[in-house]
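Morning, everyone. Let me put the sequence and the structure up, and then we'll walk through the contacts.

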Amino acid sequence: MSNDQRQAWFARMMESGLENDIFAPSDVLAHATPDVLASHLPAELLSKVLASSLAAGSMTPERVLETVTPELMAKHLPHDVLWQCIAAAAARAGVNKTVGS
Amino acid sequence: MNLKAFFVATLSSALDLGIASPDDVLRHVTPDVLAIHLPRPLWARLLTACVGAPRVDAQLVVETIGVPNLCEHIPAPIIWACIEELAARALGGVVIAPAVAPSSRPNAEATASVSRPIPLPTPPPPAELRATPPTPIAVGPSIPSPLSASEGDGDPSRSRVPPSQRFRQSATNSGIGRLATSSARRPQAQAAPAPPPPEPVAAAPLPRVKRGQTESDYDLETFVGGKDDWKNALAVEDEQLVDWSAADETVTHAEELRPKR
């Protein structure tokens, strides 16, 4: 499994999770905290986030994720952080119960 | 929240990207799970595909059912368990076999550890099958099973009864029964009584291998006791010869075979 494949998969999972309301942008930022973002996002991306927020007058999770797209998240953020976000959403949905097939 | 759509996207992309293989899916979505949760029309489609396929493997099953159908009918915890395992493997950095082209099947060596023939379970018959009208089947005469009561009872202690005489013993010595009136076999090509065993075989001992001489020297030719034994073995009486010239069906002249002009 190459890193590109894993990266694409996590990007797709994040995108689908947001599209299907499995988790919200706020849930993403609950795991991808400002510390995480600051530690892993490249400088130009941090700059864009700040610039868009300044232009809008506020920095909301939705606006952050407009800039930091799922592809960029999967590219720059640790995948275990993204997975924690997904797994927490699955736990809230109640799908990770023990299966007694 | 559209959980199934999320599952479809996650699982489909994992399969497309080579993150997951169909074997990974079937490790969780086992045949037992399919038997319980998959609707009968999808089972029919799956069975049809399996019957017509030269090889039944996990890829065939997953492709035939389709990821959307799997995520639609299989309980979410099972799909999630599959995704969870894939993520654990992805995060753990475990290297798996490189992805193959979607159209190509994994070869047997590459998937020997995880891919095995998937025995399709017997579809649970009960209520739904009773509702469908039975298909008329041509019924022939009752043919006993090869494993009849004498052999098929599974008792190994019972000895096998030797087959009885196939030909009816006839006191009149007529019909086919005459063939079995004596233990001697019907003479084949020899009308005359068989000559006594050739004495030269018994009388003439096989030459022994001497020092400096190998056994292969004698293996090159079959040792025959006497030169004329083969003539005696093939001796045919005059009565057994067929007069071909007197037979009606025999074509004696090649002229008859030529096309007439």
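One definition before the residues come up: buried means under 20% relative accessible area, exposed means over 50%, and partly exposed is in between. By that rule A:Asp27, with a relative accessible area of 22%, is partly exposed. Keep in mind that this is a predicted model.

Stay with A:Asp27. What does it pair with? A:Asp27 forms a salt bridge with A:Arg92, and the closest N and O atoms are 3.3 Å apart. This pair links distant parts of the chain. A:Asp27 sits in helix α2 of chain A, residues 25–31, while A:Arg92 sits in helix α7 of chain A. The two are 65 residues apart. A:Arg92 is partly exposed as well, because its relative accessible area is 49%.

Now chain B. B:Arg89 and B:Asp24 meet through their side chains in a salt bridge, 2.7 Å from N to O. Again, distant parts of the chain are linked. B:Arg89 belongs to helix α7 of chain B, residues 76–92. B:Asp24 belongs to helix α2 of chain B, residues 22–28. They are 65 residues apart.

The side chains of B:Arg27 and B:Glu85 meet at 3.1 Å, N to O. B:Arg27 lies in helix α2 of chain B and B:Glu85 in helix α7 of chain B, so this pair ties together parts 58 residues apart in sequence. B:Arg27 counts as partly exposed, at 39% relative accessibility. B:Glu85 is partly exposed, at 26% relative accessible area.

B:Asp24, B:Arg27, B:Glu85 and B:Arg89 are linked in a network of salt bridges. Over all chains, the structure holds six salt bridges.

Next, the interface. How many salt bridges are there between chain A and chain B? The count is zero. Polar contacts do turn up: four residue pairs across the interface, with both residues at pLDDT 80 or more.

Which elements of chain A give two or more residues to the side that touches chain B? They are α1, residues 3–19, and α7, residues 79–93. The largest share comes from α1(A), with nine residues. By class, that side of chain A has 13 nonpolar, seven polar and five charged residues.

As for extent, the contact takes 25 residues from chain A and 29 residues from chain B. The two chains bury about 2,400 Å² between them. Of that area, 77% is on carbon and sulfur atoms.

Last topic, the aromatics. A search of the whole structure finds four aromatic pairs over all chains. One of them is A:Trp9 with A:Phe10, an edge-to-face pair. Their centres are 5.6 Å apart, with 65° between the planes. A:Trp9 counts as buried, at 0% relative accessibility. A:Phe10 is likewise buried, with a relative accessible area of 0%.

Which residues do ring pairs link into a cluster? The cluster is A:Trp83, B:Phe6, B:Phe7 and B:Trp80. So look at both chains when you find this one on screen, because α7 of chain A covers residues 79–93.

That's it from me.

Methods:
Residues are numbered from 1 along each chain as its sequence is written. Chains are lettered from A and ligands numbered from 1 in the order in which they are written. This is a predicted model: local features need pLDDT of at least 70, side-chain atom pairs count only at pLDDT 80 or more; totals for chains, interfaces and linings use all residues. Side-chain values use heavy atoms; hydrogens and water are left out. Contact means heavy atoms within 4.5 Å. Buried area is the accessible area (1.4 Å probe) that two parts lose on being put together, summed over both. A salt bridge is a side-chain nitrogen of Lys or Arg within 4 Å of a carboxyl oxygen of Asp or Glu. A polar contact is a pair of N or O atoms within 3.5 Å; within protein, one must be able to donate a hydrogen and the other to accept it, and residues adjacent in sequence count only if both atoms are side-chain atoms. Helices (H or I, at least four residues) and strands (E, at least two) are DSSP runs, numbered from the N terminus. Ala, Val, Leu, Ile, Met, Phe, Trp, Tyr, Cys and Pro count as nonpolar, Asp, Glu, Lys and Arg as charged, and the others, Gly among them, as polar. Buried means under 20% relative accessible area, exposed over 50%, partly exposed in between (1.4 Å probe, protein chains only). Rings of Phe, Tyr and Trp (its six-membered ring) pair if their centres lie within 6.5 Å; planes under 30 degrees apart count as stacked, over 60 as edge-to-face and the rest as tilted.
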